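Please look over the sequence and the model shown here before reading on.

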Amino acid sequence: MKANVILFDLDGTLTDSAPGIINSIRYALEKHGLDVPEENELRKFVGPPLKEQFQKVFGLSDAEGEEMVASYREYYSTKGIYENRVYEGIPEMLSRLRKAGVRLMMATSKPEKYARIIAEHFRFAEYFEYMGGACMDGTRTDKYAVIEYVLDTCEVTDREHVVMVGDRSHDMVGAKRAGIHSLGVLYGYGSREELEESGAELFAETPAEAADILLGEAR
(Lines give C-alpha, C1' and ligand atoms only; values in the text may rest on other atoms or scores of the structure.)
Protein backbone atom coordinates (compact mmCIF):
# COMPACT_ATOMS: atom_id res chain seq x y z
CA MET A 1 0.00 0.00 0.00
CA LYS A 2 1.16 3.50 -0.86
CA ALA A 3 -0.81 6.35 0.66
CA ASN A 4 -1.31 9.80 -0.82
CA VAL A 5 -3.47 11.14 2.04
CA ILE A 6 -2.77 10.21 5.67
CA LEU A 7 -4.91 11.07 8.69
CA PHE A 8 -3.17 10.86 12.05
CA ASP A 9 -4.69 10.41 15.46
CA LEU A 10 -2.99 12.53 18.14
CA ASP A 11 -3.00 10.94 21.62
CA GLY A 12 -1.00 7.72 21.61
CA THR A 13 -0.04 8.11 17.96
CA LEU A 14 1.94 11.35 17.75
CA THR A 15 2.36 12.15 21.44
CA ASP A 16 2.48 10.35 24.78
CA SER A 17 -0.23 12.44 26.41
CA ALA A 18 -1.18 10.01 29.18
CA PRO A 19 0.42 11.91 32.10
CA GLY A 20 -1.58 15.10 31.50
CA ILE A 21 -4.83 13.27 30.75
CA ILE A 22 -4.53 11.03 33.81
CA ASN A 23 -3.69 13.95 36.11
CA SER A 24 -6.70 15.85 34.75
CA ILE A 25 -8.98 12.87 35.36
CA ARG A 26 -7.69 12.52 38.91
CA TYR A 27 -8.40 16.21 39.49
CA ALA A 28 -11.98 15.86 38.23
CA LEU A 29 -12.68 12.72 40.24
CA GLU A 30 -11.31 14.19 43.44
CA LYS A 31 -13.27 17.41 42.92
CA HIS A 32 -16.50 15.42 42.68
CA GLY A 33 -15.67 13.10 45.56
CA LEU A 34 -15.34 9.96 43.45
CA ASP A 35 -12.86 7.18 44.12
CA VAL A 36 -9.77 7.35 41.93
CA PRO A 37 -9.05 3.93 40.34
CA GLU A 38 -5.65 2.44 39.58
CA GLU A 39 -3.61 3.97 36.78
CA ASN A 40 -4.21 1.06 34.40
CA GLU A 41 -7.93 1.90 34.55
CA LEU A 42 -7.29 5.61 34.08
CA ARG A 43 -5.20 4.90 30.98
CA LYS A 44 -8.38 3.72 29.25
CA PHE A 45 -9.35 7.39 29.01
CA VAL A 46 -6.49 8.14 26.62
CA GLY A 47 -7.91 8.26 23.11
CA PRO A 48 -11.69 7.66 23.30
CA PRO A 49 -14.21 10.53 23.62
CA LEU A 50 -13.94 11.78 27.18
CA LYS A 51 -17.55 12.25 28.27
CA GLU A 52 -18.58 8.81 27.06
CA GLN A 53 -15.62 7.26 28.86
CA PHE A 54 -16.57 8.96 32.14
CA GLN A 55 -20.11 7.65 31.74
CA LYS A 56 -18.97 4.13 30.87
CA VAL A 57 -16.38 3.70 33.61
CA PHE A 58 -18.20 5.47 36.47
CA GLY A 59 -21.83 4.87 35.50
CA LEU A 60 -22.64 8.56 35.16
CA SER A 61 -25.58 10.23 33.46
CA ASP A 62 -25.16 12.43 30.40
CA ALA A 63 -25.33 15.59 32.51
CA GLU A 64 -22.88 14.20 35.06
CA GLY A 65 -20.51 13.26 32.23
CA GLU A 66 -20.59 16.85 31.00
CA GLU A 67 -19.83 18.12 34.52
CA MET A 68 -16.83 15.80 34.74
CA VAL A 69 -15.49 17.04 31.41
CA ALA A 70 -15.83 20.65 32.58
CA SER A 71 -13.86 19.86 35.74
CA TYR A 72 -11.28 17.89 33.74
CA ARG A 73 -10.69 20.93 31.54
CA GLU A 74 -10.03 23.16 34.56
CA TYR A 75 -6.77 21.28 35.06
CA TYR A 76 -6.08 20.19 31.51
CA SER A 77 -6.33 23.62 29.87
CA THR A 78 -3.61 25.14 32.05
CA LYS A 79 -1.39 22.22 33.13
CA GLY A 80 -2.34 18.84 31.70
CA ILE A 81 -2.08 19.91 28.07
CA TYR A 82 1.67 20.42 28.52
CA GLU A 83 2.28 17.23 30.55
CA ASN A 84 2.95 15.54 27.26
CA ARG A 85 5.80 14.55 24.93
CA VAL A 86 6.27 13.77 21.26
CA TYR A 87 7.18 10.15 20.63
CA GLU A 88 10.74 9.56 19.47
CA GLY A 89 10.89 9.38 15.68
CA ILE A 90 7.65 11.29 15.00
CA PRO A 91 9.22 14.50 13.58
CA GLU A 92 11.44 12.41 11.29
CA MET A 93 8.47 10.35 10.13
CA LEU A 94 6.33 13.40 9.39
CA SER A 95 9.17 15.14 7.58
CA ARG A 96 9.84 12.08 5.45
CA LEU A 97 6.18 11.73 4.47
CA ARG A 98 5.87 15.40 3.57
CA LYS A 99 9.03 15.33 1.47
CA ALA A 100 7.54 12.38 -0.42
CA GLY A 101 4.57 14.56 -1.36
CA VAL A 102 1.98 12.93 0.90
CA ARG A 103 -0.86 15.09 2.22
CA LEU A 104 -0.92 14.94 6.04
CA MET A 105 -3.95 15.75 8.19
CA MET A 106 -4.87 15.25 11.82
CA ALA A 107 -8.12 13.60 12.89
CA THR A 108 -8.50 13.46 16.67
CA SER A 109 -11.35 13.08 19.15
CA LYS A 110 -9.58 15.67 21.30
CA PRO A 111 -11.09 19.16 20.99
CA GLU A 112 -9.60 20.81 17.91
CA LYS A 113 -8.63 23.85 19.97
CA TYR A 114 -6.39 21.75 22.24
CA ALA A 115 -4.98 19.69 19.37
CA ARG A 116 -3.78 22.84 17.61
CA ILE A 117 -2.23 24.23 20.81
CA ILE A 118 -0.33 20.96 21.35
CA ALA A 119 0.89 20.78 17.76
CA GLU A 120 2.11 24.38 17.87
CA HIS A 121 3.72 24.01 21.31
CA PHE A 122 5.60 20.85 20.38
CA ARG A 123 6.47 22.19 16.93
CA PHE A 124 4.94 19.66 14.59
CA ALA A 125 1.99 21.73 13.31
CA GLU A 126 4.00 22.71 10.23
CA TYR A 127 3.74 19.20 8.81
CA PHE A 128 -0.05 19.20 8.63
CA GLU A 129 -2.24 20.59 5.90
CA TYR A 130 -5.16 20.55 8.32
CA MET A 131 -5.80 19.61 11.95
CA GLY A 132 -9.35 18.57 12.75
CA GLY A 133 -10.91 17.44 16.00
CA ALA A 134 -13.92 17.55 18.28
CA CYS A 135 -15.86 20.69 19.13
CA MET A 136 -15.58 22.24 22.58
CA ASP A 137 -19.33 21.76 23.12
CA GLY A 138 -18.91 17.98 23.07
CA THR A 139 -20.09 17.39 19.52
CA ARG A 140 -18.13 15.66 16.75
CA THR A 141 -16.26 13.41 19.17
CA ASP A 142 -16.91 10.17 17.26
CA LYS A 143 -13.84 9.30 15.18
CA TYR A 144 -15.90 8.56 12.07
CA ALA A 145 -17.46 12.03 12.31
CA VAL A 146 -14.01 13.61 12.69
CA ILE A 147 -12.64 11.68 9.70
CA GLU A 148 -15.55 12.78 7.52
CA TYR A 149 -15.16 16.38 8.69
CA VAL A 150 -11.45 16.43 7.83
CA LEU A 151 -11.85 14.76 4.44
CA ASP A 152 -14.70 17.10 3.53
CA THR A 153 -12.82 20.21 4.67
CA CYS A 154 -9.76 19.20 2.64
CA GLU A 155 -11.91 18.20 -0.37
CA VAL A 156 -10.62 14.63 -0.47
CA THR A 157 -12.96 12.70 -2.74
CA ASP A 158 -10.87 9.71 -3.87
CA ARG A 159 -10.47 7.45 -0.82
CA GLU A 160 -8.59 4.59 -2.45
CA HIS A 161 -5.21 5.70 -1.09
CA VAL A 162 -6.33 7.35 2.16
CA VAL A 163 -5.09 5.86 5.43
CA MET A 164 -6.06 6.48 9.06
CA VAL A 165 -3.15 5.98 11.47
CA GLY A 166 -4.04 5.43 15.11
CA ASP A 167 -3.49 3.38 18.24
CA ARG A 168 -6.99 2.54 19.50
CA SER A 169 -10.06 0.65 18.32
CA HIS A 170 -12.13 3.74 17.57
CA ASP A 171 -9.51 4.84 15.02
CA MET A 172 -9.83 1.55 13.15
CA VAL A 173 -13.63 1.40 13.39
CA GLY A 174 -13.95 4.99 12.18
CA ALA A 175 -11.65 4.29 9.24
CA LYS A 176 -13.59 1.22 8.18
CA ARG A 177 -16.90 3.07 8.36
CA ALA A 178 -15.44 5.92 6.28
CA GLY A 179 -14.21 3.50 3.63
CA ILE A 180 -10.51 4.25 4.08
CA HIS A 181 -7.52 2.09 5.00
CA SER A 182 -6.15 1.76 8.52
CA LEU A 183 -2.76 1.32 10.15
CA GLY A 184 -2.45 0.53 13.85
CA VAL A 185 0.64 1.71 15.70
CA LEU A 186 1.81 -0.65 18.43
CA TYR A 187 3.87 1.87 20.40
CA GLY A 188 0.71 3.69 21.57
CA TYR A 189 -1.94 2.81 24.15
CA GLY A 190 -3.91 0.09 22.37
CA SER A 191 -2.83 -3.55 22.20
CA ARG A 192 -2.37 -5.56 19.01
CA GLU A 193 -5.39 -7.61 20.05
CA GLU A 194 -7.57 -4.49 20.36
CA LEU A 195 -6.42 -3.21 16.98
CA GLU A 196 -6.86 -6.58 15.25
CA GLU A 197 -10.35 -7.05 16.66
CA SER A 198 -11.37 -3.57 15.48
CA GLY A 199 -10.23 -4.22 11.92
CA ALA A 200 -6.74 -2.74 11.55
CA GLU A 201 -5.33 -3.70 8.15
CA LEU A 202 -1.65 -3.07 8.89
CA PHE A 203 0.59 -2.63 11.94
CA ALA A 204 3.74 -0.69 12.74
CA GLU A 205 6.03 -1.13 15.73
CA THR A 206 7.71 2.28 15.32
CA PRO A 207 7.16 5.61 13.53
CA ALA A 208 9.93 4.69 11.09
CA GLU A 209 8.20 1.43 10.22
CA ALA A 210 4.92 3.31 9.78
CA ALA A 211 6.60 5.59 7.25
CA ASP A 212 8.01 2.58 5.36
CA ILE A 213 4.54 1.03 5.11
CA LEU A 214 2.76 4.26 4.17
CA LEU A 215 5.28 4.99 1.43
CA GLY A 216 5.14 1.46 0.08
CA GLU A 217 8.75 0.83 1.03
CA ALA A 218 8.27 -1.84 3.71
CA ARG A 219 10.25 -5.05 3.23
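Which residue of β6 does Leu7 stand opposite? Leu7 stands opposite Met164 in β6.

## Basis of the report

This is a predicted model, in which local features need pLDDT of at least 70 and side-chain atom pairs count only at pLDDT 80 or more, while totals for chains, interfaces and linings use all residues. Residues are numbered from 1 along each chain as its sequence is written, and side-chain values use heavy atoms, with hydrogens and water left out. Helices (H or I, at least four residues) and strands (E, at least two) are DSSP runs, numbered from the N terminus.

## The sheet

Six strands form an open sheet with parallel pairing, in the order β5-β4-β1-β6-β7-β8. The edges are taken by β5 (130-134) and β8 (202-204), each with a single partner strand, so one side of each is left without a neighbour in the sheet. From one strand to the next the twist averages 25°.

Two strands pair if DSSP finds at least two bridges between them. Strand β6 (residues 162-166) pairs with β1 in the parallel sense over four bridges, and β6 also pairs with β7 (residues 181-185) in the parallel sense over four bridges. On the β7 side, the bridge partner of Val163 is His181, and Val165 stands opposite Leu183.

Strand β6 is mostly covered, as five of its five residues are buried, where buried means under 20% relative accessible area, exposed over 50% and partly exposed in between, with a 1.4 Å probe and protein chains only. Val162, Met164 and Gly166 point one way from β6, whereas Val163 and Val165 point the other way, and all are buried.

## Helices α5 and α10

Helix α5 (residues 90-99) packs with helix α10 (residues 207-214) at an angle of about 15°, their axes being 8 Å apart; axes are lines fitted to C-alpha atoms, for helices over the stretch in contact, and angles run from 0 to 180 degrees between N-to-C directions. The two helices, α5 and α10, are therefore roughly parallel to each other, given that angles under 35 degrees count as roughly parallel, over 145 as roughly antiparallel, 65 to 115 as roughly perpendicular and the rest as oblique. Ile90, Met93, Arg96 and Leu97 of α5 make the contact (heavy atoms within 4.5 Å) with Pro207, Ala208, Ala210, Ala211, Asp212 and Leu214 of α10.

Ile90, Met93, Leu94, Ser95 and Leu97 are buried in α5, and the buried residues of this helix pack against β1 (5-8), β3 (85-86), β4 (103-111) and α10. Just after α5, Gly101 takes a positive phi of about 90°.

## Helices α7 and α8

Helix α7 (residues 143-153) and helix α8 (residues 169-178) also have axes 8 Å apart, but pack at an angle of about 55°, and α7 and α8 are therefore oblique to each other. In this contact, Lys143, Tyr144, Ile147 and Glu148 of α7 meet His170, Asp171, Gly174, Ala175, Arg177 and Ala178 of α8.

## Glu112

Is Glu112 buried or exposed? Glu112, which is found in helix α6 (residues 112-121), is buried, with a relative accessible area of 13%. Leaving aside residues up to four places away in sequence, Glu112 touches Tyr130, Met131, Gly132, Gly133, Ala134, Arg140 and Tyr149.
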